[in-house]
Amino acid sequence: MGLLSLGTPMHWDEAKKYADHVRTHGIIQFLNLWEATKDSQKDCLLWGDEIEYVVVSYDEENKKAKLSLRVWEILQALEKEEEEAKKDPAKKLLVNSSWHPEYGRYMLEGTPGEPYMGLPRDLLEVERNMKLRRELACRFMKPNEIPVTFTSFPRLGCAGEFLEPHHDPHGDAARSLFVPDDIINAHARFPTLTANIRRRRGAKVAINMPIFHDKNTPKPFIDPTIPTFHDYPEDKNAIEEGAALPDHIYMDAMAFGMGCCCLQITFQAVNVEEARKIYDQMAPLGPIMLALTAAAPIYRGYLSDVDCRWNVIAQSVDDRTDEERGLKPLKNNKFRIAKSRYDSIDSYISNDPSNKPEYNDIPLVFDEDIYKKLTDNGIDNLLARHISHLFIRDPLVIFHELLNVDDNESTDHFENLQSTNWQTMRFKPPPSKTSPIGWRVEFRSMEIQLTDFENAAFAIFIVLVTRAVLSFNTNFYIPISKVDENMKVAHHRNAVLDEKFYFRKQIFPQSRPGTPAAGTPFGSPKLSHATLPRTAAANSNHSTTSGGSLAPGLDRSDEYELMTINEIINGAPSKGFPGLLGLVNNYLNTLNIDIETRCEISKYLELIKKRANGTLMTAASWMRHFVQTHPDYKQDSVVSEKINYDLVKMVEKINKGEVQVPELLGTFSV
């Protein structure tokens, strides 16, 4: 959850006075970091996953499943175990995990204790480590508590009791009608972030997800459960000022978005140019993987007409003012900003020759003074535009103790803004000038899955795609505007089967030796070692800067077309398109992998194949089906406490292997 500094946070009225100070020194810190690390070279691939859990507490007597607010105690115990394991080599293998706080006081984030390397056998450790993390977390929970990998807890913010212990809604940070401030992590950063988003925006955030209209759902749907308070000026937003839209599920706090869980993968590249290439090539996959991992159909106890979390989070942290959103003329603000600070990327950043100006086809708002500062100090056009675009935002949490720091040693001000631009991809410099960690890229769009097997499958798949991208020097570029359109489509109910997405038709270079120009990569040269390789093309420092210009350029509409996710993942033989799985399998064919390892990897890829072709349901479709076929469901879109309890119980049984759900998992063992 970004930068967790310690200190005394500023109220927004004070913090906004230092926004330019943070931006100015943040750029100086980035330039110092760039100068020290721009030529950094790493020998091998390192990568890791982040799994987020909600901790659920059962009330067995009343058949309720609630969110436990005891996670801080659990986290302290896990961190103590982690520290002790570092001192004891024998114990290290048993506690190969690392634990971190998240926004919600009911959330845990777990990562591998050490990054994975670039060997195929490392892929087989992923699921085992995920299972280990779940077991370790359970060790410090009460008998009635369990960690659940729900993207969105179905009854968060419902009337009645959904927290253990119970707290009534409201509080000065969020001023929510539905959730108390007690739900927010106690670290000073989180309530301050919540309050300062509201203060900067000039109103509470307004999240509206379309209701799923079932047979008995009222039309229009006007939520009867929205409470009426008169404690704060914002309390009138929902009904009196129209923040709650008809036929929508209304939510009004950061907790509804940042309280969601996801699966993120971070890659360390060999150098900065490779990191930029991975960033660009994986960006068009963000919407595809969002739809393929869809797992969030329920909000505030209602079935929604969307399957994914992304827009909920985007609206939950949208600190833009009326002027920045284009609702009023610019007067007190500098920029009109098209998106929330949590959204899809706005520009490609690689200097690879395949990145053409026409792909950066949406107007990019950036700070021209910061852009000039960057380019005057040797930063190329594309990267300067990217950084100066991130820096149009204001820093939301400033600590008094960190206001004045040594820009040669600290990156706090840079990370303040970098870490609060939450996009589908994140380009990450090394943490410091002397850190052994290199240039990294985060893939951030995927939803968390219900089981460790599924999460491992998607993590492994994404890792293998990046390796194939670098090995075959693929080209996934489509215009950014089409990526944005894909993001909108990805949210649609059952988008994985019912929708089409823009994707590039020809993904291989036309003239690369050893790789055919069209369709499939068959015939590529076999590599001599079973490692996950890189290419010279990916590592070259191509110096063109034309890719960041919004030039009229060529019409490139013949380079991409609408495809189903099945075609994108599994291929379209009639079109000569291999699909991402075809690309991955051909990449695996170039490695000297033993049969047992290849078979183990294949079972994960088979899950991806079957999710894409509809043989197996997404988690969202399965949860929706579970609700709609529950004996207590009244075909009115309402997910009652009993339905929620039974859903959580079913997910627990699935993870324990006590029930089989072939519509979700086929014959795969979890």
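The questions and answers below concern a predicted model.

User: Is Glu-324 buried or exposed?

Analyst: In this predicted model, Glu-324 is found in the loop between α11 (310–316) and β13 (342–343). Its relative accessible area is 4%, and because buried means under 20%, Glu-324 counts as buried.

User: Which backbone nitrogen does the side chain of Glu-324 reach?

Analyst: Leaving aside residues up to four places away in sequence, Glu-324 touches several residues, including Arg-200, Asn-333 and Arg-336. Its side chain also reaches a backbone nitrogen at 3.0 Å, and that nitrogen belongs to Thr-321.

User: How many residues apart in sequence are the parts that Tyr-103 and Phe-190 tie together?

Analyst: A search of the whole structure finds 25 aromatic pairs, and among them Tyr-103 and Phe-190 form an edge-to-face pair, 6.0 Å centre to centre with 80 degrees between the planes. Tyr-103 lies in the loop between β3 (97–101) and β4 (107–112) and Phe-190 in helix α7 (residues 189–201), so the parts tied together are apart in sequence by 87 residues.

User: Is the pair of Phe-391 and Phe-414 stacked or edge-to-face?

Analyst: Both Phe-391 and Phe-414 are buried, and ring pairs link them into a cluster with other residues, including Trp-34 and Tyr-279. The centres of the two rings are 6.1 Å apart, with 25 degrees between the planes. Because planes under 30 degrees apart count as stacked, the pair of Phe-391 and Phe-414 is stacked.

User: Over which residue's ring does the charged end of Arg-624 sit?

Analyst: The charged end of Lys-482 sits over the ring of Tyr-502, 4.6 Å from its centre. For Arg-624, the charged end sits 5.5 Å from the centre of a ring, and that ring belongs to Phe-212.

Conventions: Residues numbered from 1 in each chain as written. Predicted model: local features only at pLDDT ≥ 70, side-chain atom pairs only at ≥ 80, totals over all residues. Heavy atoms only, no water. Helix = DSSP H or I, 4+ residues; strand = E, 2+ residues; numbered from the N terminus. Buried < 20%, exposed > 50% of the residue type's maximum accessible area, 1.4 Å probe, protein only. Contact = heavy atoms within 4.5 Å. Polar contact = N/O pair within 3.5 Å; in protein donor to acceptor, adjacent residues only side chain to side chain. Phe/Tyr/Trp six-rings, centres within 6.5 Å; stacked < 30°, edge-to-face > 60°. Lys NZ or Arg CZ within 6 Å of the ring centre and 35° of its normal.
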